[in-house]
Amino acid sequence: MTVTTITPAPKALQKTVGGKTVTMTPEQAEAFGRELDALKERIIADLGERDASYIRRIIKAQRALEVGGRALLFGGIFPPFWLAGTAMLGLSKIIDNMEIGHNVMHGQYDWMGDPAISSRGFEWDTACPGDQWRHSHNYMHHTYTNIVGMDRDIGYGILRMSKDQRWRPYFLGNPIYAFLLMVLFQYGVALHELETERIRAGEITLADKREILEGIWRKTKRQTLKDYVAFPLLAGPFAPWVFAGNLTANLIRNIWSYMIIFCGHFPEDVQEFSIEETKAETRGMWYFRQILGSANLTGGKLFHILSGNLSFQIEHHLFPDIPAHRHAEISEEVRDICRRYGVPYNTGPLPKQFATVVRKIVKLALPG
Amino acid sequence: MFTETLTRRVLRSPLVDLLTGPHGVDRYTELVAPTWTTGEARAKVVAVRRQTRRSVTLILEPNRAFTGFRAGQHINLTVEIDGRRRTRPYSPASAEGALHIELTVGRHDRGLVSNYLYEHARPGMVVGLDSVGGDFVLPERRPRRILFVSGGSGITPVMSMLRTLRAEGFTGEVAFIHYARAAEEACYRDQLDAMTGVKVLHGYTRVRAGSDLDGRFGPEHLAAAMPDPGDDTAVFACGPPALVEAVREHCVNVCSESFVPPIFDVPVEASGGSVTFADSGVEVTDDGRPLLEQAEAAGLTPESGCRMGICHSCTRRKTRGAVRNLITGAVSSAEQEDVQICVSAPVGDVDIAL
């Protein structure tokens, strides 16, 4: 069977960002893409021992925080132990999910050939099964970033995060849903691949998603047993402190990862795209969309590690499969390339960026 | 001993698996000691000897996850070089069931792993061990007369067989011919010469000094080592293909293994090589397109995503051959590596686990 597709001639893409018009012609996009490809090639050729020891150091620190935190929680009847234990366990879960899990599952360390940190083998300390995440995030979200109707990360099927999503009275509850999603973030992420919005719309039935649901159940069950049954029971009479510590650690992780992730694509001036605009997109135009559709966070080294270097969301979306600590190193160069092509580079401190996200959540609860 | 078994039992219990989930207990214990793993066989290098200028001998202390090997078999040895795991099969030279595994690695001129080990191996280094395999083994019913023939680094599996026989008190007749380029390149020369009850003949093919035999293997060498071989005689040969062929031509009842040094020079352009999708049992001729498209054209439906090399949904293990990354142009010939099949085109023959 032969399928003939008519490829429309590449055309310029124009967007209004912060009141200014940004244009990328096909010729510019070609050169822009070549420069970014060359940058990526240079990094890939340089990968080696330094990157391997970086991720191993991070893993070692995370496991130490986890073991130390859980040990301290066994003595959680003493408030300083409980506070320190909970903080350490919360940090451990943040690092496990962000700088290790998210990045390893992107294939950032696949070149090492170590099965323990390969994109296909890694499983993270959260309710969402790794294989489902790899599909919904690595493929759907990273390929179709910010294309309304294709990128399910725009509102996660629950929220209205773009004007181009049609308003319904349901969205009056936008701020409430957003708050609930924040505190229950790990379960929200776990349910993502279930595509509840399509089930509600009657496009698919729950039966179609049986395998997905089973996967979520298997993973969530083990995570729940571990944090809320096994570890508390092991602590005997101190079970309530361990239970409360684990619950709080999970909550800390939920809130932190929610804030970082929402600051990746929802701050003010981050662009969305229509399916029409991205038809027959070239590699250069794809890069252009990734930059316009992402926003960075400024901060210190520790902040970047705890954000899984998603504070370099722009670089992450350009090159999702190069080790994340490299994103920080190339950010100046990426910024310079953007400057030369007149492409805006959205960045700011967490409080400022998150405030614009909250404003958007509230504003879009109302029609318009 | 009892505490060791108990520790092992506890570490492998479902409760510990739950508590250390989702990573598993090995991911914690290995941070205390890299060889403290229950699932992955690993070994610590306890001694390094450089017997000749072209080889390095490693004495390995395997952990309890290692389940052993039979004399003559090979083990996949994994070492990490510049952040990348590299795996190569080597045949131990030590006896079956010995406490330590002895590996003698011959250096290839452009061999990444062999040269790395020669230059950098040191006691304390940790290596991975897996995939013990190979049919080049002694029969359960030992033959009465045995001739071993080896060339170069092919000496290791037959050395293992010889040492195994001696350890079990073998009383039959044993002869050993080993070929090397020169006396100073002959591994295990002193150990072989010190053995009693074994007729050892050395053949040096480039620098003849000290050679017991002239030229290449033939009827004369056979007659000198093991006259009148009969039905009760078995020959075990390991070495370069030419040596193994010569042994097969002049002897009966031959069990052999041949090794071909890895190929390092890969052609830059796609060459119409044969592409094997091993799990599906499908073989196609390379047409230059990405492996994913070629698999789909062959009627297979591997998982895939972005088709532009960013999402890693299509990543598969390449078990043999070289591929070119169509984005970076980089050619990669490492064995046992994961490749993104949507942006990888074959360079010559390639096996993919798909």
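Where is the place of Asn253(B) in chain B? The legends below take up this residue and several other views.

**Conventions.** The model is predicted: local features need pLDDT of at least 70, side-chain atom pairs count only at pLDDT 80 or more, and totals for chains, interfaces and linings use all residues. Residues are numbered from 1 along each chain as its sequence is written, while chains are lettered from A and ligands numbered from 1 in the order in which they are written.

**View 1. Asn253(B) has a positive phi.** Asn253(B) sits in the loop between helix 8 (241-250) and strand 11 (254-258) of chain B. Helices (H or I, at least four residues) and strands (E, at least two) are DSSP runs, numbered from the N terminus. The phi of Asn253(B), which is not a glycine, is near 55°. Most residues other than glycine have a negative phi. Asn253(B) counts as partly exposed because it has 15 C-beta neighbours inside 10 Å; a residue is buried with 20 or more other C-beta atoms within 10 Å of its own, exposed with 12 or fewer, and partly exposed in between, C-beta atoms being placed from the backbone.

**View 2. Glu195(A) also has a positive phi.** The phi of this non-glycine residue is about 50°. Glu195(A) lies in the loop between helix 6 (185-191) and helix 7 (196-200) of chain A. Its 18 C-beta neighbours inside 10 Å make Glu195(A) partly exposed.

**View 3. A cis peptide bond joins Gly21(B) and Pro22(B).** Omega is about 0° at this bond. Pro22(B) belongs to the loop between helix 2 (14-19) and helix 3 (26-32) of chain B. Most peptide bonds are trans.

**View 4. The side of chain B that touches chain A.** The contact takes 38 residues from chain A and 23 residues from chain B; two residues are in contact if their C-beta atoms, placed from the backbone, lie within 7 Å. On the chain B side, helix 2, helix 3, strand 4 (84-90) and strand 16 (337-340) each supply at least two residues. The residues of that side divide into 10 nonpolar (Ala, Val, Leu, Ile, Met, Phe, Trp, Tyr, Cys and Pro), six charged (Asp, Glu, Lys and Arg) and seven polar (the others, Gly among them).

**View 5. Chain A has 14 helices and four strands.** Of its 368 residues, 45% are buried. The C-alpha atoms of chain A fill a box of roughly 70 × 50 × 50 Å along the principal axes. Among contacts in chain A between residues at least 6 apart in sequence, 67% join residues at least 24 apart.
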